[in-house]
Every structure is written in structure tokens, then in C-alpha cells.
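This report describes the pockets, cavities and ligand surroundings of the structure shown below.

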Amino acid sequence: MTNERVYLDWNATTPLRAEARAAMAAALELAGNPSSIHAEGRAARGLVEQARAAVADAVGAAARDVVFTSGGTEAITLALTPGLRIGPQPVERLVVSAIEHAAVLSGGRFAPAQIEVVEVTREGVLDLDHLRRLLADGPPAMVSLMLANNETGALQPIEQASEIVHAAGGVLHVDAVQALGKVPFRIKGLGSDLMSLSAHKLGGPKGVGALVLGADIQGLDPLLRGGGQELGRRAGTENVAGIVGFGAAVAATMPTLVDDMARVEKLRNRLEANLRQTEDSVIVCESVARLPNTTLFAVPGLRAETAVIGFDLAGVAVSSGSACSSGKVQPSHVLQAMGFGPELAKSAIRISLGWSSSESDIEACLKAWKKLAGNLTKRDHETVLERF
Ligand code: PLP
């Protein structure tokens with residue numbers, strides 16, 4: 001066993017980029033409140049606005065349309081507001097896909113009775129016909145869809161969904177938390193009216209994100225009221241260092257995004273070519289467009305939680321597709337929505353790479369898997385821990 005850790009759980013969170021760390025350290029030295037008009041305040045304001053411009057630029061939005069929040073979850077909750085509107089009619093219900101993140105599935109400020117769920121195909125992609133049918137009946141809806149799924153990496157047909165949503169008089173919110181920094185996109189090109197982002201998925205700090213507006217949105221009810229910060233859309237003195245770290249991470253990511261991710265994709269493909277050699281293994285969503293950094297693979301009979309512990313003991317950080325709540329392993333809601341049975345839905349391991357992932361990371365991961373693979377079926381998974 002080696003002491004060197006291999007981090008392959010970039011969809012959970014990423015290491016802080018050096019550029020973000022340096023920018024945050026400098027921002028922490030500033031005394032001023034960005035709302036103050038003296039030189040110290042103006043210096044802090046300058047950095048916040050520079051970060052806002054960087055985030056706006058990354059998704060093709062106007063800087064004034066970026067509202068900084070405490071992360072993706074807050075941005076989503078701010079977006080999912082009954083009564084919000086673009087045209088004359090306010091939205092009165094929420095339509096989400098079955099594979100959304102828990103922050104979206106919980107509905108933000110919509111009541112549970114106002115929420116409807118769109119199915120996905122067996123390939124883990126939004127069922128556009130079902131979306132069309134759901135929107136055909138009933139009052140105008142807010143529709144919340146993810147651009148990339150956090151478990152499978154499957155990219156969703158947002159442009160087509162946007163046409164359907166707008167033809168039905170609805171408003172589209174896109175959860176782009178997993179996509180930012182992994183695939184290029186523009187908010188208007190996607191036809192997104194609101195978009196949620198999070199800094200810690202692309203090398204920024206945890207606990208900061210943004211809601212970005214792609215249309216003239218009326219009725220965005222602030223979650224936090226008080227001072228007039230963020231143009232009255234989110235009260236409270238800004239998290240200057242966090243926002244600055246977000247801006248720096250985005251600015252460092254975007255110029256080399258395509259090349260970095262092409263390199264990452266090659267590593268991911270090499271990993272998958274090897275994983276496929278495990279008998280009965282399934283690479284989830286391999287037949288559809290996916291994030292270049294994500295592998296979700298399932299092996300019948302495997303207990304994903306045990307495998308994750310085995311990898312961890314071998315020095316490799318990966319994650320299971322399933323969620324663990326109250327000590328009980330729950331099958332992944334994403335895999336279940338795709339039609340996987342509960343056993344297979346409990347057997348998926350997610351390996352996600354990032355800009356500094358290397359050949360040697362993949363080798364270490366495959367070495368650990370080779371050792372683990374034979375020992376992780378239901379029958380003898382208990383022995384795995386003894387072996388490490
Ligand atoms: N949406 C997706 C798709 C995510 O993967 C996550 C984080 O895992 C979130 C939203 C929540 O973002 P945050 O952790 O910044 O609250």
C-alpha cells in the first residue's frame with residue numbers, strides 16, 4: 001500500500017486551483033465592505049465585479065445577470081420560485097426530470113403537490129415526448145433540467161427541451177453545476193432562462209455559486225432579504241474571498257477547457273477499456289453523449305459501498321452511484337429511473353477525473369480494481385476489508 005492518494009471523485013468536488021487560492025488569499029487581506037464608498041470598499045467591490053464578469057463571460061451572460069449565492073443548492077432554490085414569469089403568465093407548477101440532483105427534486109419553493117416528474121429513457125436521457133405531453137395540459141410550468149448528470153455524466157437535450165418549454169409558455173431553469181468547466185456552453189445557446197452554477201466543481205472554493213439569468217425574469221423572490229446587495233436579489237455582505245475564488249477558478253479553466261478535457265477523455269476511455277474486461281460489467285450511458293471525465297460502471301452482485309471502501313484503503317478516492325442515508329445504502333435514483341433493478345442500482349461505482357488527473361492515477365485505480373474485483377461479489381464481500 002502506498003501513502004500517495006489518488007483522487008478520482010471530481011464530480012463530488014475538485015481540488016482548489018492554485019489561481020483561486022492565490023486570488024482568495026489576496027482578497028482576504030482587504031478590509032473593505034464592497035458596499036462602502038471609501039477606497040477600501042471600492043477595492044473589494046472591484047474584485048467582486050471582476051469575478052462577476054468572469055462568471056458571466058464563461059456562460060455568455062451579461063455581468064448584471066449574475067447573482068452570487070452560497071452554492072449550487074441556494075442558486076437552485078432561488079430559481080425554483082412559484083409566480084416567476086417571463087411573459088404575462090406566472091408559473092404555477094414545477095416539472096423536473098427523474099434524474100435531477102436532490103436540490104431540484106425537492107422542488108425549491110414549490111409545494112410537493114405542484115411538482116411533476118418527466119421520465120428518462122433507458123439510456124439516461126430526458127424523454128422529450130413525455131415532457132411535451134406533461135406541458136400540453138395544465139397551467140404554465142417552470143421546468144428544471146440538468147445539463148449534465150452528476151452520476152452518469154449523460155448530457156441532456158436542453159436546446160430541444162427549451163423549444164418545447166417555451167412553446168408551452170413555460171420558463172426553463174438549467175442546473176449546469178456539473179457541466180461548467182467540463183463542456184463549453186452558452187446560456188442563450190441552450191435557451192436557458194435561469195442557470196445554476198457552483199464554484200467547487202471547477203476548482204473554486206466550496207460554498208459559493210451563482211444564479212445566472214438568461215432572460216428578462218420577473219418575480220424572482222429573494223431568499224434572503226435585508227440590504228440591497230446583488231441588485232436586491234440576495235441580501236447580505238458578499239462572501240468576497242469565495243466569490244473572488246470562483247471568478248479566478250473560472251478564468252483559469254475556460255481558456256484551456258477544450259484541450260484539457262480532450263486529454264481527460266482519453267484517460268477516461270483508457271480506464272473504461274480496461275474496466276470492460278470485468279465479466280458482466282456495464283458502463284452506464286456509454287452509448288450517449290457524456291461528460292468527458294465521468295465513468296459510472298456497475299457489476300451485478302457488487303456492493304458499491306464495499307468497493308468504495310476497498311478503493312479507499314488502496315489509496316484511491318472514488319464514489320458509489322448510490323446514496324447512503326441513515327446507515328442504509330439506497331439504490332441510485334438515477335439508475336432506477338433508467339430502469340435498472342435495485343440490485344444493479346446499488347452496484348455502481350463512479351470514477352470522475354479532472355484537469356490534473358494523470359496516467360498514473362488511472363494505473364493506480366486499475367491496479368486497485370484488479371485486486372478488488374474478484375472479491376466483491378455478494379458472497380464474499382466481507383473478506384475484502386481483511387485483505388487490505
Ligand atoms: N446540482 C448538481 C448536478 C450537483 O452535482 C450538485 C452538487 O453535487 C449540486 C447541484 C449542488 O451544488 P452545491 O454543492 O454547490 O450546493
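Which polar side-chain atom lies 2.9 Å from an oxygen atom of the ligand? The atom belongs to Q178. The protein covers 85% of the 390 Å² of accessible area that the ligand has on its own, with areas from the Shrake-Rupley method and a 1.4 Å probe.

The model is predicted; local features need pLDDT of at least 70, side-chain atom pairs count only at pLDDT 80 or more, and totals for chains, interfaces and linings use all residues. Residues are numbered from 1 along each chain as its sequence is written, and side-chain values use heavy atoms, with hydrogens and water left out.

**Ligand surroundings**

Around the ligand are 13 residues, of which G72, T73, D175, S198 and K201 come nearest; a residue is counted if one of its heavy atoms lies within 4 Å of the ligand.

| Residue with polar side-chain atom | Ligand atom and distance |
|---|---|
| T73 | oxygen, 2.6 Å |
| D175 | nitrogen, 2.7 Å |
| Q178 | oxygen, 2.9 Å |

**Largest pocket**

The largest pocket has a volume of about 530 Å³. Its lining comprises 31 residues, and H101, A102, N150, K201 and R350 are the closest to its centre. On a 1 Å grid over the protein atoms alone, a pocket is an open set of points with protein on both sides within 12 Å along at least five of seven lines, whereas a cavity is a set where a 1.4 Å probe fits but cannot get out; lining residues have an atom within 4 Å of a point. A volume is the space filled by probe spheres set on the points.

The elements α3 (72-79), α4 (102-105) and β12 (319-320) each supply at least two residues of this pocket lining; helices (H or I, at least four residues) and strands (E, at least two) are DSSP runs. By class, the pocket lining has 10 nonpolar, 17 polar and 4 charged residues, with Gly counted as polar. Domain 1 (6-15 + 256-387) and domain 2 (18-254) each contribute at least three residues to the pocket lining.

**Cavities**

There are 2 cavities of 30 Å³ or more. The largest cavity has a volume of about 100 Å³, and of its 14 lining residues G181, K182, K201, M261 and W355 are the closest to the centre. Helix α9 (residues 257-275) gives the largest share of that lining, 3 residues. Because domain 1 (6-15 + 256-387) and domain 2 (18-254) both give residues to the lining, the largest cavity lies between them.

The second largest cavity has a volume of about 30 Å³. Residues lining the second largest cavity include S97, E100 and Q156.

Notes
Domains from an automatic or database assignment. Polar contact = N/O pair within 3.5 Å; in protein donor to acceptor, adjacent residues only side chain to side chain.
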